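Hi,

Here is the structure I promised to hand over.

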Amino acid sequence: METEEVRIVRDQGLHSLIILHAVSDNEGEYAAIAQNPHGDAFCSADLYVEEPRPVVSSPMAKLEKMPSIPEEPEVPENETERFTMPDFIKPIQNVEVTEGKDAVLECQVTGLPYPAITWYHNGHRLDSTDERRMTQCTCTH
């Protein structure tokens with residue numbers, strides 16, 4: 001089995017899950033859960049991996065897998081919640097990528113204290129394994 005490379009990048013409040021050289025096994029639902037002592041927040045999106053195809057394609061092919069419209073984030077009931085409970089201010093969006101290309105799923109979260117982000121693929125937590133090498137970096141400017 002080939003090693004798949006997954007990178008998790010945090011650049012201030014923006015979190016990215018980067019799948020290098022995506023293949024059909026990478027397809028499915030990806031979810032991010034933000035947790036801190038005051039609660040948790042959840043968002044998810046689908047990744048579609050398409051086989052490489054000739055440059056000429058029919059306009060109808062694109063219509064088959066149009067991303068769904070994201071739900072509006074819940075508005076906190078009071079100002080205290082806004083500054084304590086995690087909240088996705090930019091939830092992850094559906095992504096369509098050609099096989100062999102890199103897939104990037106991004107979300108932006110807020111909360112105090114700053115929430116920890118955990119990524120999932122089809123309900124399974126993404127951790128480093130022998131088959132999946134994960135690297136995490138915090139970018140600072």
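**Strand 6 and its sheet**

Let me start at one pairing: Glu50 has Thr98, in strand 6, as its bridge partner. The contact belongs to a parallel pairing of strand 4 and strand 6, which runs over four bridges. Please keep in mind throughout that this is a predicted model.

**The chain as a whole**

Stepping back, the chain contains two helices and 10 strands. Along the sequence they follow the pattern β-β-β-β-α-α-β-β-β-β-β-β. Of the 141 residues, 33% count as buried. Among contacts with a separation of 6 or more, 67% are between residues 24 or more positions apart. The accessible surface comes to about 9300 Å², and carbon and sulfur atoms account for 51% of that.

How far can you trust the coordinates? The average pLDDT of the chain is 80, and 67% of the residues score at least 70. Over residues 65-73 the pLDDT is below 50, and this stretch has nine contacts in the model beyond near neighbours in sequence. Where pLDDT is low, the predicted coordinates should not be read in detail.

**The nonpolar core**

Which residues have the most contacts inside the largest nonpolar core? They are Leu17, Leu47, Phe88 and Trp119, in a core of 24 residues. Several strands give two or more residues to this core, including strand 1 (4-11), strand 2 (14-19), strand 3 (28-36) and strand 7 (103-110). Strand 4 provides the largest share, five residues.

Leaving aside residues up to four places away in sequence, Leu47 touches Ile19, Asn26, Glu27, Gly28, Tyr30, Val95, Val97 and Ala103.

The C-alpha atoms of Ser44 and Ile33 are separated by 8.8 Å, and the two residues are 11 apart along the chain.

**Salt bridges**

How many salt bridges are there? The count comes to two. Side chains of opposite charge can pair when their charged atoms come close.

- Arg7 pairs with Glu5, and their closest N and O atoms are 3.4 Å apart. Arg7 is partly exposed at 36% relative accessibility, and Glu5 is partly exposed at 21%.
- Glu106 pairs with Lys90, and their closest N and O atoms are 3.3 Å apart. This pair links distant parts of the chain, with Glu106 in strand 7 and Lys90 in strand 5 (residues 87-90), 16 residues apart. Glu106 is partly exposed at 29% relative accessibility, as is Lys90 at 33%.

**Backbone details in the loops**

Most residues other than glycine have a negative phi, and most peptide bonds are trans. Here are some exceptions in this model.

- Gln12 is not a glycine, yet has a positive phi of about 55°. Gln12 is in the loop between strand 1 and strand 2 and is exposed, with a relative accessible area of 52%.
- His21 also has a positive phi, near 55°. His21 lies in the loop between strand 2 and strand 3, and is exposed at 55% relative accessible area.
- The peptide bond from Leu112 to Pro113 is cis, with omega near -5°. Pro113 is found in the loop between strand 7 and strand 8.

Definitions and conventions. Residues numbered from 1 in each chain as written. Heavy atoms only, no water. pLDDT = per-residue confidence, 0-100. Contact = heavy atoms within 4.5 Å. Buried < 20%, exposed > 50% of the residue type's maximum accessible area, 1.4 Å probe, protein only. Areas by Shrake-Rupley, 256 points an atom, 1.4 Å probe, with all protein chains shown as cover. Core = buried A, V, L, I, M, F, W, Y, C linked by side-chain atoms within 4.5 Å. Salt bridge = Lys/Arg side-chain N within 4 Å of Asp/Glu carboxyl O. Pairing = 2+ DSSP bridges.
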